[in-house]
Amino acid sequence: MKEIEKNLNGAGMRIGIVQSRFNPEVCESLLGACRAQLIQHGVAEADITLATVPGALEIPLALQWLAQSGRFDEAIASLRAAVR
């Protein structure tokens with residue numbers, strides 16, 4: 001069995017986060033937790049970029065733009081799906 005060793009050292013990584021503006025109370029809380037975890041794992045505050053979009057439908061396009069820009073090592077979606 002092949003196993004990939006996890007590396008949780010984020011030092012020097014450039015992270016792009018996409019967040020919806022639709023539900024700010026929930027999304028801000030998710031963003032804060034995400035940011036805290038990134039910093040805990042060594043990502044510098046200056047290496048985290050936030051892009052906001054109107055709603056959930058725009059998130060995949062913004063993630064694609066971040067990925068294709070070549071400016072980021074990772075892209076993260078910060079969203080909360082509606083549950084009924």
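Predicted model: local features only at pLDDT ≥ 70, side-chain atom pairs only at ≥ 80, totals over all residues.

## Cysteines and disulfides

A disulfide is counted here as a pair of cysteine sulfur atoms within 2.5 Å, and by this rule the model contains zero disulfides. The sulfur of Cys27 has its closest cysteine sulfur in Cys34, and because the separation is 12 Å, the two are too far apart for a bond. Seen from Cys34, the closest cysteine sulfur is that of Cys27, again at 12 Å and too far for a bond.

Three strands make up an open sheet, arranged in the order β2-β1-β3 with parallel pairing. Strands β2 (48-53) and β3 (74-78) are at the edges and have a single partner strand each, so one side of each is left without a neighbour in the sheet. On average, and with direction ignored, neighbouring strands of this sheet are turned by 20° against each other.

Strand β1, which covers residues 15-20, runs parallel to β2 and is joined to it by six bridges. Within this pairing, Ile17 has Leu50 of β2 as its bridge partner.

## A buried glutamine in the sheet

Gln19 is a residue of strand β1, and with a relative accessibility of 2% it counts as buried. Once neighbours within four places in sequence are left aside, the contacts of Gln19 are Cys27, Glu28, Leu31, Leu50, Ala51, Thr52, Val53 and Ser78.

## Helices against the sheet

Helix α1, residues 24-40, lies across β1, β2 and β3 and runs at about 170° to β1. Helix α2, residues 59-69, also lies across β1, β2 and β3, and its angle to β1 is about 165°.

In α2 the buried residues are Ile59, Ala62 and Leu66. They lie on the same side of α2, because the arc that they cover around the axis is only 70°. These buried residues of α2 pack against β1, β2 and β3, whereas the face turned away from the buried side carries the exposed residues Pro60, Leu61, Ala67 and Gln68. Just after α2 comes Gly70, which takes a positive phi of about 75°.

In soluble globular proteins, nonpolar side chains tend to be buried together. In this model the largest nonpolar core consists of seven residues, namely Ile15, Ile17, Leu31, Cys34, Leu38, Val43 and Ile48. At least two residues of this core come from each of β1 and α1, and α1 provides the largest share, three residues.

Ile48, one of the residues of this core, is in contact with Ile15, Ile17, Arg35, Leu38, Ile39 and Val43 when its neighbours within four places in sequence are left aside. Apart from this core lies another, of six residues, which include Val53, Ile59, Leu66 and Phe72. Of these, Ile59 and Leu66 are also among the buried residues of α2.

Conventions. Residues numbered from 1 in each chain as written. Heavy atoms only, no water. Pairing = 2+ DSSP bridges. Helix = DSSP H or I, 4+ residues; strand = E, 2+ residues; numbered from the N terminus. Axes fitted to C-alpha atoms, helices over the stretch in contact; angles between N-to-C directions. Contact = heavy atoms within 4.5 Å. Core = buried A, V, L, I, M, F, W, Y, C linked by side-chain atoms within 4.5 Å. Buried < 20%, exposed > 50% of the residue type's maximum accessible area, 1.4 Å probe, protein only. Arc of directions from axis to C-beta.
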